[in-house]
Amino acid sequence: MEKRTDKNSYTVIFAIVMVLVVGSLLAYLAASLKPTITENQRLEKQQNILYAMGVNNNDESSAVFVSTEEAPKLFSDKVSEQMVLEVKDGKMINQMTRQEYMDANNGQEPYLIDIKKQKSNAKDGKVRKLPLFIGNNKEGKTVYVAPIYGKGLWDAIWGYVAIDENMVVQGAYFDHKGETPGLGANIKQRYFMDDFYGEHLLTESGVFKGITVAKGNADPKNEDKTDNEVDAIAGATITGDGVSAMIKSDLKLYKPYFDNLKKQAN
């Protein structure tokens, strides 16, 4: 008897079989690749933090990370302490050492905290966990590296900013998910990131002001480090505004920690 394959039932069965086969294949690939993906994310975060600290392989003009082979050892050598600050409603309520955080979170390292998720927690009124990495840069100066997260023109932007005990920037690294090539995507270019070095986050009176990526900045050579401004990227106003916003909103949360440092020093 001739079998007919032009019936709707055959089409539906074929579609179901293909979905099951493809779905199973994707699930298998996702499971098998997960350790590699996790390891790559770990190395990337270590490279980002080290870059902000000034531990990198930059040439005269380009931003160059330390290699993935070097990163784990350099991270262990250069980052002497990892801390987690807990913030609720914009106020710091607790701080934990690396070991205390790991003990309470199944051994997870502070540098693997999901910054995007923590920012969402704050919007929902939950406690937000803020990692802070303490170490020495190439000159041997103590720096404090904080991750920041925000939104550019098209999608997410993020970064790591190294500051000293007076909240003066000692280095920065920025990245993006989908900003326009040649425009907003240039936030990860060295000429832009280098402008933040030496910029003050506080006013002369000690009030947190952040740093504005300013269009029409009257200091294009970036010689005034106390004006709380750096020059904007031409044609990337919204992305620049996003950088300004995430610096102001996220780094401000660390100010109580540095206020406490000053009290302890006195």
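**Close-up views of a predicted model**

**View 1. Y51, F65 and Y173 gather into one aromatic cluster.** Everything shown here comes from a predicted model, so keep that in mind as you look around. A search through the whole structure turns up ten aromatic pairs. Take Y51 and F65: their ring centres sit 5.9 Å apart with the planes at 80°, and since anything over 60 counts as edge-to-face, that is what we call this pair. Y51 belongs to helix 1 (residues 8-53), while F65 sits in the loop between helix 1 and helix 2 (71-78), so the pair ties together parts that are 14 residues apart in sequence.

View 2. F65 comes out at 29% relative accessible area, which makes it partly exposed.

**View 3. F174 and F192 make a tilted pair.** Their ring centres are 5.9 Å apart and their planes meet at 55°, so the label here is tilted. This pair links distant parts of the chain: F174 is in strand 6 (residues 169-176) and F192 is in helix 5 (residues 190-194), 18 residues apart. F174 is buried, with a relative accessibility of 0%. F192 is buried too, at 2%.

**View 4. L20 is an exposed residue of helix 1.** You'll find L20 in helix 1, and with a relative accessible area of 55% it counts as exposed. For a sense of distance, pick out A236 as well: L20 and A236 are 216 residues apart in sequence, and their C-alpha atoms are 45 Å apart in space.

**View 5. Helix 7 has its buried residues along one face.** In this helix (residues 255-265), K255, Y257 and F258 are buried. Look down the axis of helix 7 and its buried residues fall within an arc of 160°, so they line one face of the helix. Now for the face turned away from that buried side: there you'll see K263 and Q264, which are exposed.

**View 6. What do the buried residues of helix 7 pack against?** Quite a list, as it happens. Among the strands there are strand 1 (79-88), strand 2 (91-97) and strand 3 (128-136). Strand 4 (142-151) and strand 5 (156-163) are also packed against by the buried residues of helix 7. Helix 6 (237-251) joins these strands as a packing partner of the buried residues of helix 7.

Note on methods:
Residues numbered from 1 in each chain as written. Predicted model: local features only at pLDDT ≥ 70, side-chain atom pairs only at ≥ 80, totals over all residues. Heavy atoms only, no water. Phe/Tyr/Trp six-rings, centres within 6.5 Å; stacked < 30°, edge-to-face > 60°. Helix = DSSP H or I, 4+ residues; strand = E, 2+ residues; numbered from the N terminus. Buried < 20%, exposed > 50% of the residue type's maximum accessible area, 1.4 Å probe, protein only. Arc of directions from axis to C-beta. Contact = heavy atoms within 4.5 Å.
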